[in-house]
Amino acid sequence: MPVTVHGVTKFYGAQKALDNVSFELKAGEITGFLGPNGAGKSTMMKIITGYIPATSGRVKINGSDVLTDSMEIRKMTGYLPENNPLYPEMYVREYLSFTASFYKKGTPRKQQIDNIIELTGLVPEQGKKIGSLSKGYRQRVGLAQALIHDPEVLILDEATTGLDPNQVVEIRNLIREAGKEKTVMLSTHVMQEVEAICDRVIIIDKGVIVADEEKNNIYSRIRKGSRSIEAEFDRPVPESDIRLLPGVVSAVCIRENTWLITTGDESDIRRTIFDFAVKKNLTVLSLVKKESNLEEVFRQLTGNR
């Protein structure tokens with residue numbers, strides 16, 4: 001189910017949180033929504049789910065307008081907010097039954113709840129009060145309420161915040177499975193999470209979209225026009241010697257006797273570095289062509305605006 005955002009601007013008083021934002025989320029695709037703190041991520045997600053209105057612009061889900069068809073939109077969407085508001089005095093099954101009562105679904109409610117409890121791994125905790133659960137299980141409850149009505153669009157704001165590594169893997173697997181059939185938008189600060197499960201990346205900074213591309217294509221933004229080589233030698237090497245190599249524009253010592261050497265074009269200078277080492281009577285312990293990662297892209301696109 002497609003989600004179309006067109007020209008959305010949002011003001012909080014005199015402060016502009018979003019500035020003419022446009023993008024489209026595709027069915028069966030997991031989109032990572034990235035940005036620094038205060039970039040407008042949570043505001044955009046609240047507008048998509050109908051929790052707050054845009055100052056101007058339109059959001060449509062499967063052709064239905066979020067502002068004028070809000071009740072229909074809520075039936076189509078599942079939303080896990082960043083702070084995951086829950087009722088700590090309620091039992092897990094009781095809370096999910098309460099949430100399910102808001103939706104008219106063909107599946108009998110008990111079966112509906114049983115299915116989602118099993119899907120989100122809440123079976124051992126279903127008889128406990130939410131307030132007694134660990135952070136990881138509270139996140140599972142939040143995800144369960146977002147999925148309880150089998151929505152076609154899933155909006156997740158920092159879904160894995162505060163989880164231990166094992167819990168993160170489990171929640172990622174849940175999101176990956178959901179993404180096979182649903183339109184999923186995932187906000188996160190964890191770049192490895194995006195690289196692990198997302199098909200597409202949207203980066204927002206100061207309320208403006210600065211990148212919107214398939215994950216594999218976004219790296220070309222910083223690969224183009226330069227290349228980095230990580231070289232480890234058996235003993236210290238003066239930076240001035242490395243900087244004299246043809247094509248080298250920077251040399252940074254990243255750990256003992258190990259240099260990140262960057263060229264001004266995309267040429268591979270590993271042979272040049274090897275010949276340099278032979279000339280200087282150095283032993284090359286490793287020589288690795290460094291591929292760009294999402295963290296580098298993020299820093300480049302959001303660090304200087």
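N84 is buried, at a relative accessible area of 9%. Buried means under 20% relative accessible area, exposed means over 50%, and partly exposed lies in between (1.4 Å probe, protein chains only). N84 sits in the loop between β6 (77–80) and α3. Helices (H or I, at least four residues) and strands (E, at least two) are DSSP runs, numbered from the N terminus.

This is a predicted model, where local features need pLDDT of at least 70, side-chain atom pairs count only at pLDDT 80 or more, and totals for chains, interfaces and linings use all residues. Residues are numbered from 1 along each chain as its sequence is written, and side-chain values use heavy atoms, with hydrogens and water left out.

## Backbone angles and loops

What is the phi of N84? It is positive, about 45°, although N84 is not a glycine. Most residues other than glycine have a negative phi.

N257 also deserves a look. Its phi is near 65°, a positive value in a residue other than glycine. N257 lies in the loop between β12 and β13 (258–263). It counts as buried, at 14% relative accessibility.

Now return to the loop between β6 and α3, where P81 is found. P81 counts as buried, with 16% relative accessibility.

## Helix α4

Which residues of helix α4 are buried? In this helix (residues 109–119) they are Q112, I113, I116 and I117. They lie on the same side of α4, because they cover an arc of only 125° around the axis. The arc is that of the directions from the helix axis to the C-beta atoms. An α-helix has 3.6 residues a turn, so residues three or four places apart point the same way.

What do the buried residues of α4 pack against? Their partners are α3 and α5 (135–147). Contact here means heavy atoms within 4.5 Å. On the other side of α4, K110 and E118 are exposed. Just after the helix comes G121, with a positive phi of about 70°.

## Salt bridges

How many salt bridges does the structure hold? There are 16. A salt bridge is a side-chain nitrogen of Lys or Arg within 4 Å of a carboxyl oxygen of Asp or Glu. The table lists some of them.

| Pair | Closest N to O |
|---|---|
| R58 and D65 | 2.6 Å |
| E230 and R255 | 2.6 Å |

Take K16 and D19. K16 is partly exposed, with a relative accessible area of 39%. D19 is partly exposed too, at 31% relative accessibility.

Next come R58 and D65. R58 is partly exposed, with a relative accessible area of 46%. D65 is buried, and its relative accessible area is 5%.

Then there is the bridge between E230 and R255, with its N and O atoms 2.6 Å apart. This pair links distant parts of the chain: E230 belongs to strand β11 (residues 227–233), R255 to strand β12 (residues 248–255), and they are 25 residues apart. E230 is buried, with a relative accessible area of 12%. R255 counts as partly exposed, at 45% relative accessibility.

Salt bridges can also share partners. In this model, such bridges join E29, R200 and D212 into one network.

## A nonpolar patch

Which residues make the nonpolar surface patch of about 320 Å²? They are Y87, F98 and F102. Patches are made of residues with over 30% relative accessible area and no salt bridge; like charges are joined within 9 Å, and nonpolar side chains (Val, Leu, Ile, Met, Phe, Trp, Tyr) within 5 Å. Accessible areas come from the Shrake-Rupley method with a 1.4 Å probe; for residues, only the protein chains shown count as cover.

F98 is found in helix α3 (residues 92–100). It is partly exposed, with a relative accessible area of 34%.

## Cysteines

How many disulfides are there? A disulfide is a pair of cysteine sulfur atoms within 2.5 Å. By this rule the count is zero. C198 is buried, at a relative accessible area of 2%. C253 counts as partly exposed, at 43% relative accessibility.
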